[in-house]
Amino acid sequence: MSNITLQSIQSPIASTWCPGCGNFGIIGAMKQAFVQLGIPEEDLVIIYGVGCSGNMADFNRVYGFHSLHGRAIPNAIGVKLANHKLKVIVIAGEGDTYGEGLNHLLAAARGNHDITVLVHNNQTYSLTTGQSSPTTMKGTNTKSTPDGLVEEPLNPLTMAISAHAGFVARGYAGNMAQLINLVKEAIQHDGFSLLDVLQPCPTFNKINTYQWFQQRVYDLDKKNYQPSDKKLAWETAQEEEKIPTGVFYKDISKVSYHKHLSQLDKKTLLEQRSGEVSLKKPLKAFV
Ligand SMILES: Cc1ncc(C[n+]2csc(CCOP(=O)(O)OP(=O)(O)O)c2C)c(N)n1
Ligand code: SF4
């Protein structure tokens, strides 16, 4: 097989996303990152959550698995442990990752599992047509909170830092050039990486629009920022008036989970088991 190209990754299924959806910026940046990194087709697996974001499963022609809402991360960890030579990426919404699947995110960060979790953070449950999510701003009127949201929003970045994530970054779907580099850096990081991407949803989120973000986002790189400083990362992740984007925290000294397993030293689990496993029986029910 050969390296992923913009043509090879294009599936025959046309996107169902609404015009102007921030998911277009994310998928575009992601594809560019794969091509620029020169990833062989057989080395990449994408695990999708359930949401508008997860619908990307149909639009990419790569190895992948469309999992359950909230359960993309444990599936990704399973794939990585079965064949740790693969690049494993999770594509899911913030409802999926910071809501129903939050325990898995924290476990993946604590264990330093070598997967990249790319969160389409549109501050709303979009596929289910506009309920509040864990990052919806306090006071927002949504279908599920007609009198205004009572809860405070979660801060995914401080949460990941406190769970010992070794790579924590934030991108913006309206800044492709930066997002391509962030996706590349997250994939190249040896260990767990969280890339939270601010993603306008013009259909159900009328507050956090491109215009709203445009007035607030700024690039950390322009501030001569040091991502190795955990205390600085913690403080920067709490800025609210302006919204920093870039790599907040990076620790290259951490050892990935699978590298602690001596039984995986020489061969992947799949190589050790090849020939013994037959999927015929379990698949029989589906064919
Ligand atoms: C186990 C399970 N719980 C809940 C749902 C219903 N559900 C489907 S998508 C979704 C929310 C999607 O929001 P998000 O994860 O933020 O993704 P987005 O659609 O915004 O990309 C919910 C609650 C489901 N399909 N399965
Ligand atoms: S509902 Fe929102 S997130 Fe879903 S496709 Fe439309 S614009 Fe995108």
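The lining of the largest pocket is made up of nine nonpolar, six polar and seven charged residues. The model is a predicted one. The space in this largest pocket comes to about 530 Å³. Its lining counts 22 residues, and Gln123, Met137, Pro153, Arg170 and Glu240 are the closest to the pocket centre. Two or more lining residues come from each of β6 (193-198) and α7 (210-214). Rolling a probe the size of a water molecule over the atoms shows where such empty space is left.

Helix packing was examined next. Two packed helices are described by the angle between their axes and the distance between those axes. Helix α2 spans residues 72-82, and helix α4 spans residues 102-111. The two pack at an angle of about 35°. Their axes lie 8 Å apart. On the α2 side, the contact involves Ile73, Pro74 and Ile77. On the α4 side, His104, Leu105 and Ala108 take part. By class, five residues of this contact are nonpolar and one is polar. None is charged.

The cysteines were considered last. A disulfide is a covalent bond between the sulfur atoms of two cysteines. The search of the whole structure finds zero disulfides. Cys18 has a relative accessible area of 34% and is therefore partly exposed. Cys52 has a relative accessibility of 21%. Buried means under 20%, so Cys52 also counts as partly exposed.

Notes: Residues numbered from 1 in each chain as written. Chains lettered and ligands numbered in written order. Predicted model: local features only at pLDDT ≥ 70, side-chain atom pairs only at ≥ 80, totals over all residues. Heavy atoms only, no water. Axes fitted to C-alpha atoms, helices over the stretch in contact; angles between N-to-C directions. Helix = DSSP H or I, 4+ residues; strand = E, 2+ residues; numbered from the N terminus. Contact = heavy atoms within 4.5 Å. Nonpolar A, V, L, I, M, F, W, Y, C, P; charged D, E, K, R; others polar. 1 Å grid on protein atoms, 1.4 Å probe; cavity = no way out; pocket = protein on both sides within 12 Å on 5 of 7 lines; lining within 4 Å. Points joined across faces, edges and corners; volume = space filled by probe spheres on them. Disulfide = S-S within 2.5 Å. Buried < 20%, exposed > 50% of the residue type's maximum accessible area, 1.4 Å probe, protein only.
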